[in-house]
Amino acid sequence: MSAIYKEDQDDWVTVCLKYLLFVFNFLFWMGGAAVLGVGIWTLVEKSDYLSLLASSTFAVSAYILILAGALVVITGFLGCCAVIREQRSCLSTYFFCLLLVFLIELVAGVLAYVYYQRLSDELKQHLNQTMTENYAQPGKEAITLAVDRLHQDFKCCGSNNSSDWVASVYISSKLAEGRVVPDSCCKTITPQCGKRDHPSNIYKVEGGCITKLEQFLADHLLVIGAVGIGVACLQICGMVFTCCLYKRIKMDPY
């Protein structure tokens, strides 16, 4: 009787582990969708601003999240197959896939955190130079569009203030046609409205665009970091459940 009871108890534990892994896979898929969504949303919404950054760390973090999210879909399907078939080889493969995705998401989260720490210094060192030297220059169309969008989205003008444009290559050239700031600085954009830099005509925000862009990017780096590390921590539970089920199946002589 004791042997039968122990066998029934073992079966009950195995069934519980299988259900736990199914529940985990559901949460894992949801987490993967969140990771994939955040990665795509970051690149789509912030793609114009990436040309204003000196390093590619922000974009790399987003691409890593997209890769991790795609792998989650595949890994989740593999996990369901492994649980249903109860084969140790499938469980082993599933475990190592979880470990791989865990490491990828952890890297994305760490990259986002590290870049968050030095974002302010990078913007202070490079943003003004990028804007004044490259705006409206041949072959720099992406930067020109990014600066125009930056002005309008954040209702600002210049890196630190509108007077930054005095040193601009564009404003000093004949192309400016007497403008003192780009037309995108204007509250209401009309042809050659940048010839007048009065506060009633252009945006004059304390701290300029650099403060706005820094806060904007910092908020989204925190989202990238939180999602990446959060889902990575969730996967630790999945790896523990997988190891436990692997051991239960291994103990079964049949």
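Helix H3 spans only 58 Å between its end C-alpha atoms, whereas a straight helix of 47 residues would span 69 Å at 1.5 Å a residue; the expected span is 1.5 Å times one less than the number of residues. Helices here are DSSP runs (H or I, at least four residues; strands are E runs of at least two), numbered from the N terminus. H3 bends by about 50 degrees at Arg 118, the bend being the angle between axes fitted to the seven residues ending at a position and the seven starting there. Just after H3, Ala 136 adopts a positive phi of about 60 degrees.

The model is a predicted one, in which local features need pLDDT of at least 70 and side-chain atom pairs count only at pLDDT 80 or more, while totals for chains, interfaces and linings use all residues. Residues are numbered from 1 along each chain as its sequence is written, and side-chain values use heavy atoms, with hydrogens and water left out.

An α-helix has 3.6 residues a turn, so residues three or four places apart point the same way. Glu 122 is buried, with a relative accessible area of 7%, and Arg 118 is partly exposed at 37%; buried means under 20% relative accessible area, exposed over 50%, and partly exposed in between (1.4 Å probe, protein chains only).

By this rule the count comes to four salt bridges. Another of them joins Arg 149 to Asp 153, with the closest N and O atoms 2.7 Å apart. These two residues belong to helix H4 (residues 141–154) and again stand four residues apart, about one turn of the helix. Arg 149 is partly exposed at 26% relative accessibility, and Asp 153 is partly exposed at 42%.

Arg 179 is buried, with a relative accessible area of 11%, whereas Glu 177 is partly exposed at 46%.

The surface also carries a nonpolar patch of about 410 Å², made by Leu 106, Val 110, Tyr 113, Val 114 and Ile 229. Patches consist of residues with over 30% relative accessible area and no salt bridge, like charges being joined within 9 Å and nonpolar side chains (Val, Leu, Ile, Met, Phe, Trp, Tyr) within 5 Å. Accessible areas come from the Shrake-Rupley method with a 1.4 Å probe, and for residues only the protein chains shown count as cover. H3 (residues 88–134) gives the most to the patch, with four residues. Ile 229 is in helix H6 (residues 208–251) and counts as partly exposed, at 34% relative accessibility.

An unreviewed UniProt entry annotates residues 20–42, 62–84, 91–116 and 221–246 as "transmembrane region". Residues 91–116 are 100% helix and 0% strand, with end C-alpha atoms 37 Å apart. Residues 221–246 are likewise 100% helix and 0% strand, and their end C-alpha atoms are 37 Å apart.

Definitions and conventions. Salt bridge = Lys/Arg side-chain N within 4 Å of Asp/Glu carboxyl O. UniProt positions renumbered as here; feature names shortened; annotations may be inferred.
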